[in-house]
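The following note is intended for a colleague who is meeting this structure for the first time.

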Amino acid sequence: MSGITQADGLPHIGPFDLADLPADERERADFGALLIPRVDGTWLRLSRTGPLPALVVTDGTSTIELSVLAAPRGEGLWAQIREDLRSALQEQDESNQAIERPGPRGLELHLPVVTDQGPTRARVVGVDGPRWFLCAVFTGEAATLPAAAPALEELLAATVVVRGSEPMPVREPLPLLPPDRRAAPVVEVPAPRAASEVITLGARGLFA
C-alpha cells in the first residue's frame, strides 16, 4: 500500500510508514523516528528542550513543528487529541475556540497559540499511522493559508515514520536524534535562519 490509510474518499498521501517507504529515490535525513526529505528553501532544527522532542522546519514565512507519538495497535489517537485540545482551550478561556476544518489528510484543528513572538494562530494536522501518531503544527502564513507554504507541505507529504518494534506506552514520544554527521549532509541548518521556538501543544500535558 502506498502511504497511510486516509479518511474515506481521500487520497493516500504522506507521511508514510517505513513499511510503505516510497520508491521515489529522494534523499532523506535520518532523525531516528522520522526520515525527513530534503526540500529546497527550507531550514530545519531539532528541538529536544520542550515537553516533546520535535523537528522544527521553516521556509522563512511559515513553520511546521513535527512530533511523533506511540499509538495503540489498530486504534488512532487524533480524534481524542482533538477533543483534548478543544477542552483545554475552553478551560483557559471560553472565548478561545478551536475550529475543525477538512484538509487533505482529514480533519484539521485551527486554534490560537502563544509563541515567543506572542499570540498567533496554528493549524494542527494529525496523522494516525500503524502504532504511531504524527502531529504537525503549522504557524505563520500556512496556519490560515495552506497554499502559502508548498515547500513545507511537500516535506510533510514525503516524511517517513520509523516506529520500531519495541513496545511503548501510548502517547510516549518516539525518539528524535541528530542525523549521522559522518554522512553527506542532507538538511542544512544555518543558525541565522533557525526558526523561533514554537509552542509545543504537549506543554499543557495533552499528550501525556
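**Notes on the sheets and cores**

1. Strands β9 and β10 run antiparallel and are joined by seven bridges. Within this pairing, Asp128 stands opposite Phe133 of β10. The model is a predicted one.

2. Both strands belong to an open, antiparallel sheet of seven strands, ordered β4-β5-β6-β10-β9-β8-β7. Its edges are β4 (43-47) and β7 (99-103), each of which pairs on one side only. On average, neighbouring strands are turned by 30° against each other, direction ignored.

3. Helix α2 lies across β5, β6, β9 and β10, and runs at about 15° to β6.

4. A further open sheet has four strands in the order β1-β11-β3-β2, with mixed pairing. Here the edge strands are β1 (16-17) and β2 (28-30). Three bridges link β2 to β3 (residues 34-37) in the antiparallel sense, and Arg28 has Pro37 of β3 as its bridge partner.

5. The largest nonpolar core holds 28 residues, of which Leu34, Leu66 and Leu134 touch the most other members. At least two residues of this core come from each of β3, β5 (54-58), β6 (62-70), β9 (118-129), β10 (132-140) and α2 (150-157). Apart from this core lies another, of 17 residues, including Leu52, Ile81, Phe133 and Val137.

Terms used: Residues numbered from 1 in each chain as written. Predicted model: local features only at pLDDT ≥ 70, side-chain atom pairs only at ≥ 80, totals over all residues. Heavy atoms only, no water. Pairing = 2+ DSSP bridges. Core = buried A, V, L, I, M, F, W, Y, C linked by side-chain atoms within 4.5 Å. Buried < 20%, exposed > 50% of the residue type's maximum accessible area, 1.4 Å probe, protein only. Axes fitted to C-alpha atoms, helices over the stretch in contact; angles between N-to-C directions. Contact = heavy atoms within 4.5 Å.
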